[in-house]
Amino acid sequence: MGKVYVLDHPLIQHKLTHIRDKNTGTKEFRELVDEVAMLMAFEITRNLPLTETTIETPVMETKAKMLAGKKIGLVPILRAGLGMVDGMLKLIPAAKVGHVGMYRDPETLEPVEYYIKLPKDISERELIVIDPMLATGGSANDAIASLKKRSAKQIRLMCLIGAPEGVKKIQEEHPDVDIYLAALDEKLDEHAYIIPGLGDAGDRLFGTK
């Protein structure tokens with residue numbers, strides 16, 4: 001079963017508190033989400049493999065560490081996932097970015113892809129699926145299944161806030177996918193909003209209602 005990592009770094013928790021606050025306006029909300037995504041990227045890349053190279057400092061020749069060239073792919077789920085991409089790219093500028101847009105048909109309840117555009121070599125990349133909220137887990141589950149259908153083999157899921165119901169669904173449906181959260185909240189309400197949560201992440205990011 002996939003592991004759940006709650007990234008409880010003090011800076012992440014401090015900024016997340018301001019993100020949750022209903023009095024935080026769109027501009028500040030967007031900036032804070034960007035900053036938290038960058039901090040989470042720092043944590044999620046902790047185990048990237050390193051290789052040794054030889055360089056010359058102004059003083060002498062020495063051996064030093066560099067990333068071993070593992071390919072990363074970022075896959076935000078439209079639309080709210082877009083708010084976390086730039087923060088991650090600040091730390092991982094060589095990452096390729098794909099996009100997945102999903103909705104559920106209200107009659108059949110089956111997932112429908114309305115947009116998908118991915119790097120050609122996703123089978124060789126370690127993919128990080130990005131969505132601020134992991135509520136029921138439906139969107140993330142469908143997006144991960146869609147990536148696997150297209151030969152993705154290494155997938156992680158990164159969200160600001162998760163609910164136990166969403167975590168359980170991903171663990172059941174995709175036991176090979178680790179989940180990274182800034183916070184694991186209490187539950188979902190009757191409208192499938194995370195409690196205490198932060199409201200609708202997309203609306204707060206883009207100033208819509």
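Leu-134 is buried, at 1% relative accessibility (buried means under 20% relative accessible area, exposed over 50%, partly exposed in between, with a 1.4 Å probe and protein chains only). The model is predicted: local features need pLDDT of at least 70, side-chain atom pairs count only at pLDDT 80 or more, and totals for chains, interfaces and linings use all residues. Residues are numbered from 1 along each chain as its sequence is written, and side-chain values use heavy atoms, with hydrogens and water left out.

Leu-134 sits in strand β9 (residues 133-134). Strands (E, at least two residues) and helices (H or I, at least four) are DSSP runs, numbered from the N terminus. Beyond residues up to four places away in sequence, Leu-134 touches Leu-157, Cys-159, Ile-161, Val-167, Ile-170, Ile-179 and Ile-194, among others. Contact means heavy atoms within 4.5 Å.

An unreviewed UniProt entry lists Leu-134 under "binding site", along with residues including Arg-79, Arg-104, Asp-131, Pro-132 and Asp-200. UniProt positions follow the numbering used here, feature names are shortened, and annotations may be inferred rather than shown by experiment. Of the listed residues, the lining of the largest pocket includes Arg-79, Arg-104, Asp-131, Leu-134 and Asp-200, among others.

Asp-200 lies in the loop between β13 (194-195) and α6 (201-206). Asp-200 is partly exposed, with a relative accessible area of 31%. Leaving aside neighbours within four places in sequence, Asp-200 contacts Arg-79 and Tyr-193. The Asp-200 side chain also reaches the backbone nitrogen of Gly-202 at 3.0 Å.

The largest nonpolar core has 37 residues, of which Met-40, Met-88 and Met-158 touch the most other members. A nonpolar core is a set of buried Ala, Val, Leu, Ile, Met, Phe, Trp, Tyr and Cys residues joined through side-chain atoms within 4.5 Å. Elements that each supply at least two residues of this core include α1 (10-20), β4 (72-76), β8 (126-130) and β10 (154-162). Helix α2 gives the most, with eight residues. Among the contacts of Met-158 beyond four places in sequence are Met-40, Met-88, Ile-128, Ile-130, Asp-131 and Tyr-180. A second, separate core of 21 residues includes Val-100, Leu-127, Ile-144 and Ile-179.

The chain holds six helices and 13 strands. Along its principal axes, the C-alpha trace spans about 65 × 40 × 30 Å. Buried residues make up 44% of the 209 residues. Of the contacts with a separation of 6 or more, 62% join residues 24 or more positions apart.

Note on methods: On a 1 Å grid over the protein atoms alone, a cavity is a set of points where a 1.4 Å probe fits but cannot get out, and a pocket is an open set with protein on both sides within 12 Å along at least five of seven lines; lining residues have an atom within 4 Å of a point. A polar contact is a pair of N or O atoms within 3.5 Å; within protein, one must be able to donate a hydrogen and the other to accept it, and residues adjacent in sequence count only if both atoms are side-chain atoms.
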